[in-house]
Amino acid sequence: MSLSMYPALNGGQFRLFNDRQVNAIHEGVVRLLEDVGLKVKSKRAYEIFEKSGALTDPAAETVRIPRTLLEKAIRTAPSRVTIHGREEKDDVVLEKNRVHFGTGGTVMYALDFETGERRLTHTQDVRDLARLVDGLENIAFYVIHTYPADVAEKDVDVNRFYWAITNTTKPIMGGMYTLEGLREAIKVSEMVAGGADKLRERPFVSFITLMVSPLVMDWHYTDFLIEVAAKGLPLAVPSEPLAGATSPVTLASTITLNLAESLAGLTLAQLVRPGTPTLIGTTSSIMDMKTGTYVAGAIESSLINAGIAQMAQYYGLPLYATGGQSDAKLNDAQAGYESAAQAMVLGLSGANWVHDAAGLLECCTTVSYEKTVIDNEILGNVLRVLRGVEVTDDTLAIDVIKAQGPGGNFLAHPHTAEHFRSEFFLPQVSDRWNRITWKQSGSLDAHARAHQLAEKVLKTHRAVPVEPKLREEIRRLFPGITGEDLG
């Protein structure tokens, strides 16, 4: 598969709100933060807000954020954030309506690549999925999306980041589980970068902290936020209200609540260290009213995310968004249409960092190697739509048509050879042969073809390696890292 630089393209063609509605949502955000506020469970965060002029109530543990404090934080936060790759060609620039897709979530299960059976995930999955992502051209970044069950809880964070960093040069992001693990992951990243200052200059790792709906900053994630912001490293501050459960059932209210929570996280990050590269974020979806469960593949999730993307562009802030998921248990038609519909909506909305867009099944609890390859192809289609249609004298080709004349043929014309590779999306999973040729090739379905492509990448592709002596030094300092390094 092609390993060319990821095509950074602009969305924004799909707009949910007019100017009046954008203003109404913004004023709703201000009212929630000024009049209701958030319960802040972190003592460190509470004290930071209190010293900065927020309105605090110690008995209720609530913090209300005045409009002026919110507006200052929005002005202070960078409108352009670059999350670098270990290789410059992999850098991801997040601003305005510039779109990038990648992996995401944190799953406990994988469909085993050899047997197809559902099993617990291991450090080998962190490693091999990083390698697979590194070799797939339409996936821009690697949000570490497996939780290794084969290591002690205290070593989960350092293992996740070590195996990611050493197996892809694309930008890496991950959630954290312990404060010590966060510090170890940052230390490993600093060693690979050549020091703390160099990591801040070209951060190839970033971190996810979470707001809790409705309107809570818990101590766990909030202390992580403070730690990352103090280091000056990029962080995402998503919120996950579920329409009909932890937010009102109406999508406009869910969007407003999500924005209020995420902007509160951004405000805290800017109070800790002004200029901290911060992505406001959303992982919102809906509660299924028949089953009473979270739904990942709902089209309403895409509408929520698209609405927040439009508001992020209004604020001039980069966005961590969610799309491309499915609730299917297998790589079947449901998996395809849910993932494709979500990815297309998010791309057209201009969301910047669209995570969960590759590999996830079963309400974001299971990862599939084959679906990662299929989603890479779905994303290729989305990116082709975002690229649009170029209109120039060359692409209009009036002179070519004139030269061939009525009844002419263009297959052998040099203009065709010159343009078809850039003009057409050339799929690798999809089958376009006639039935006879398809049968002669083994009558394979999309899952089987994706398995072959994934197998090829895993057998032949290696990311630009981290220097072996440095790997040895990291593993000496952190003996909790388990598993086998590849050459």
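Let's start with helix α5, residues 156-165: 10 of its 10 residues are buried, so the rest of the structure largely encloses it. "Buried" here means under 20% relative accessible area, with exposed being over 50% and partly exposed in between, using a 1.4 Å probe and protein chains only. Helices (H or I, at least four residues) and strands (E, at least two) are DSSP runs, numbered from the N terminus. Keep in mind that this is a predicted model, where local features need pLDDT of at least 70 and side-chain atom pairs count only at pLDDT 80 or more, while totals for chains, interfaces and linings use all residues. Residues are numbered from 1 along each chain as its sequence is written, and side-chain values use heavy atoms, leaving out hydrogens and water.

What covers the buried residues of α5? The cover includes α4 (123-134), β10 (142-143), β11 (172-175), α6 (179-193), β12 (205-208) and α18 (468-477). Among the buried residues of α5 are Tyr-162 and Trp-163.

Now for aromatic rings. The whole structure holds 7 aromatic pairs. Tyr-162 and Trp-163 make an edge-to-face pair, 5.0 Å centre to centre with 80° between the planes. For pairing, ring centres of Phe, Tyr and Trp (its six-membered ring) must lie within 6.5 Å; planes under 30 degrees apart are stacked, over 60 edge-to-face, and the rest tilted.

Next, find His-100 in strand β7, residues 98-101. Is His-100 buried or exposed? It counts as buried, at 2% relative accessibility. Leaving aside residues up to four places away in sequence, His-100 touches several residues, including Tyr-6, Phe-141 and Trp-353; a contact means heavy atoms within 4.5 Å.

Gln-325 sits in the loop between β19 (319-322) and α11 (333-349). Gln-325 is buried too, with a relative accessible area of 1%. Its side chain reaches the backbone oxygen of Ala-296 at 3.3 Å. Not counting residues up to four places away in sequence, Gln-325 also touches Tyr-294, Ser-301 and Cys-364, among others.

Finally, look at the largest pocket, which has about 480 Å³ of space. A pocket is an open set of points on a 1 Å grid over the protein atoms alone, with protein on both sides within 12 Å along at least five of seven lines; lining residues have an atom within 4 Å of a point. Of the 20 lining residues, Gly-105, Thr-106, Leu-210, Glu-240 and Thr-283 lie nearest the centre of the largest pocket.

Notes:
On a 1 Å grid over the protein atoms alone, a cavity is a set of points where a 1.4 Å probe fits but cannot get out, and a pocket is an open set with protein on both sides within 12 Å along at least five of seven lines; lining residues have an atom within 4 Å of a point. Grid points are joined across faces, edges and corners, and a volume is the space filled by probe spheres set on the points. A polar contact is a pair of N or O atoms within 3.5 Å; within protein, one must be able to donate a hydrogen and the other to accept it, and residues adjacent in sequence count only if both atoms are side-chain atoms.
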